Amino acid sequence: YFTTDTSQSCFCKLKGRIDDCSCNVDTVDHFNNMKIFPRLQSLLSNDYFRFYKVHLKRDCPFWTDDSRCAMRYCNVQACQEEDIPPGLKQYNHNSMNSIFGNQDMSLRFYDGNEDCEDPEADHDDELGFINTTISAAAYEEFEKWQAHDALDNFCELGDDKDAQYVDLLLNPERYTGYKGKSAHRIWNSIYKENCFRPENHYDLFIQSSQLDRMCLEKRVFYRVISGMHTSINIHLCSKYLLSDKESLIAPNGKWGPNLEEFKRRFSPMTTDNEGPHWLRNLYFLYLLELRALAKAAPYLANEEFYTGSEENDSDVRDAVKDLLSVIKSFPSHFDESSMFTGGAQARELKDEFRQHFRNISVIMDCVGCDKCKLWGKLQVQGIGTALKILFSGKFDSLSPPGLQPGQTAKSQFQLQRGEIVTLFNAFGRLSNSINELEKFRNLIRE
Ligand SMILES: Cc1cc2nc3c(=O)[nH]c(=O)nc-3n(C[C@H](O)[C@H](O)[C@H](O)COP(=O)(O)OP(=O)(O)OC[C@H]3O[C@@H](n4cnc5c(N)ncnc54)[C@H](O)[C@@H]3O)c2cc1C
């Protein structure tokens, strides 16, 4: 079915200039695989980045939750209390308690932590915390602050008192078996109801040949979503369950690349010629996030990356500065300055863009597989942070000489911890995808 020639074609159209950008695929391949990927791999294994606070139990506001995926590969393993750095515990005493108390059966089963068995104690702790330390008047103030901050956000951050910490290294993004109606309902709803569409375009999924009928901003929106979709699907192909179904209940299956699955998803023959365009959108999203990191670099260079261990935090600060200087050296960054220009109409478009993206962040609560939801939320939040950096205007004056010597970025405004964690990890996903593509290229050549 796939001769060598046709299978090569996943890649043969993946050459030349990346749409709506000024650089080439192979420039990005080389830059990522040689310079960015190894640095990020090491950086993201640090405590600051590996513990992600996320609310996985929020109700889906659009339809009733359907297939809570029963496969163990869909479950998210919560982390053990002793693994969490002291600095995070101090900051989040209240939510730490809720992690160990509010787990559903599946999490408890894998966790084996005695603390999980005593939800009542946690419940009391939580009530006590709220009643004794924060007055109703203060809460009203917080709501005002939150509403103010939320104006700039491209994601619904929501109320995270029930959020839990998840150790990302314990929960790699990989094949979960999430597919069929439930997964399609999410993608359909994203593309059909929450992406911009060319006028009179009635097909469910947007063809790349139709994209030029939309303005740059709307194309960008589509490429961002499609790039994330590509990255998710590359991950499931590169960490596919290779052992047979019986081992689904064994503790460790055998995981690795599945070339046939990759070809099915990205070859022009099986995707009505769209596969290579979807791969290009991955590169587009990579460039967009790369630019966001470059733009926020003066701010990020002043970030504390606090976990409570001065030695580790200082190593992380050095590693971040090193990564940022490499990012800065990239010769042809994405140029966001041509977007949203032109007065009232542009402002309206930006509002619409933001609203669409926020809807997509809410749709993530409807994903019927916990591990997919975990990584889906992380990536959407990371992209939302990148969009905020690029388009909220708050970071425009950051590039030197915007920041005076001795003036810390913090004195201007703050990115929340979750935004920084997701920004870097989302970029890490894309970097990993581009690196995995290289491996598939080599497998095809073999
Ligand atoms: C948020 C989210 C996270 C997920 N995470 C995981 C995971 O971690 N592990 C896992 O195994 N599965 C995951 N899935 C499921 C996975 O993405 C697929 O939906 C599933 O494998 C079924 O694939 P499919 O071949 O039916 O096509 P799908 O990937 O479901 O795509 C549906 C349709 O969208 C179009 N399409 C496909 N790719 C693109 C693209 N890049 N750009 C534009 N259009 C496209 C095609 O027309 C395709 O038929 C996740 C799904 C969602 C919604």
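Visitor: Before reading any detail, what is the mean pLDDT of the chain?

Guide: For this predicted model, the mean pLDDT of the chain is 78, and 72% of its residues reach 70 or more. The predictor also gives the complex an ipTM of 0.99 and a pTM of 0.82.

Visitor: Over which residues does pLDDT stay under 50?

Guide: One such stretch is residues 1–7, for which the model has eight contacts beyond four places in sequence. Another is residues 91–135, where pLDDT likewise stays under 50 and the model has 42 contacts beyond four places in sequence.

Visitor: How are two packed helices described?

Guide: Two packed helices are described by the angle between their axes together with the distance between those axes. In this structure, helix 10 (residues 216–238) and helix 12 (residues 275–300) pack at an angle of about 110 degrees, and their axes are 7 Å apart. Because angles of 65 to 115 degrees count as roughly perpendicular, helix 10 is roughly perpendicular to helix 12.

Visitor: Which residues of helix 10 and helix 12 meet?

Guide: From helix 10, Arg223, Val224, Ser226, Gly227, Met228, Thr230 and Ser231 take part, and they meet Trp278, Leu279, Asn281, Leu282, Phe284, Leu285 and Leu288 in helix 12. By class, this contact of helix 10 with helix 12 has eight nonpolar, five polar and one charged residues.

Visitor: At what angle do helix 12 and helix 13 pack?

Guide: Helix 12 and helix 13 (residues 310–328) pack at about 130 degrees, with their axes 9 Å apart, which makes helix 12 oblique to helix 13. Helix 12 passes helix 13 in a left-handed crossing. In this contact, Leu290, Leu293, Ala294, Ala297 and Leu300 of helix 12 meet Val320, Leu324, Ile327 and Lys328 of helix 13, and the residues divide into eight nonpolar, no polar and one charged.

Visitor: How do helix 15 and helix 16 cross?

Guide: The axes of helix 15 (370–391) and helix 16 (residues 417–445) come within 7 Å and cross at roughly 105 degrees, and the two helices are therefore roughly perpendicular to each other. Among the residues that meet are Leu378, Gln379 and Gln381 in helix 15, and Gly418, Glu419 and Thr422 in helix 16. The residues of the contact of helix 15 with helix 16 divide into six nonpolar, seven polar and two charged.

Visitor: Turning to the ligand, how many residues surround it, and which are the closest?

Guide: The ligand is surrounded by 22 residues, of which Ala183, Ser226, Trp278, Cys372 and Gly376 are the closest. The elements that give two or more residues to this shell are helix 9 (180–193), helix 10 and helix 15.

Visitor: Which helix gives the most to the shell around the ligand?

Guide: Helix 10 gives the most, with six residues. By class, the shell around the ligand has twelve nonpolar, seven polar and three charged residues.

Notes. Residues are numbered from 1 along each chain as its sequence is written. This is a predicted model: local features need pLDDT of at least 70, side-chain atom pairs count only at pLDDT 80 or more; totals for chains, interfaces and linings use all residues. Axes are lines fitted to C-alpha atoms, for helices over the stretch in contact, and angles run from 0 to 180 degrees between N-to-C directions. Helices (H or I, at least four residues) and strands (E, at least two) are DSSP runs, numbered from the N terminus. Angles under 35 degrees count as roughly parallel, over 145 as roughly antiparallel, 65 to 115 as roughly perpendicular and the rest as oblique. Two residues are in contact if their C-beta atoms, placed from the backbone, lie within 7 Å. Ala, Val, Leu, Ile, Met, Phe, Trp, Tyr, Cys and Pro count as nonpolar, Asp, Glu, Lys and Arg as charged, and the others, Gly among them, as polar. A residue is near a molecule or strand if its C-beta atom, placed from the backbone, lies within 6 Å of it. A crossing is left-handed if the near helix is turned anticlockwise from the far one by less than a right angle, and right-handed if clockwise. pLDDT is the predictor's confidence in each residue, from 0 to 100.
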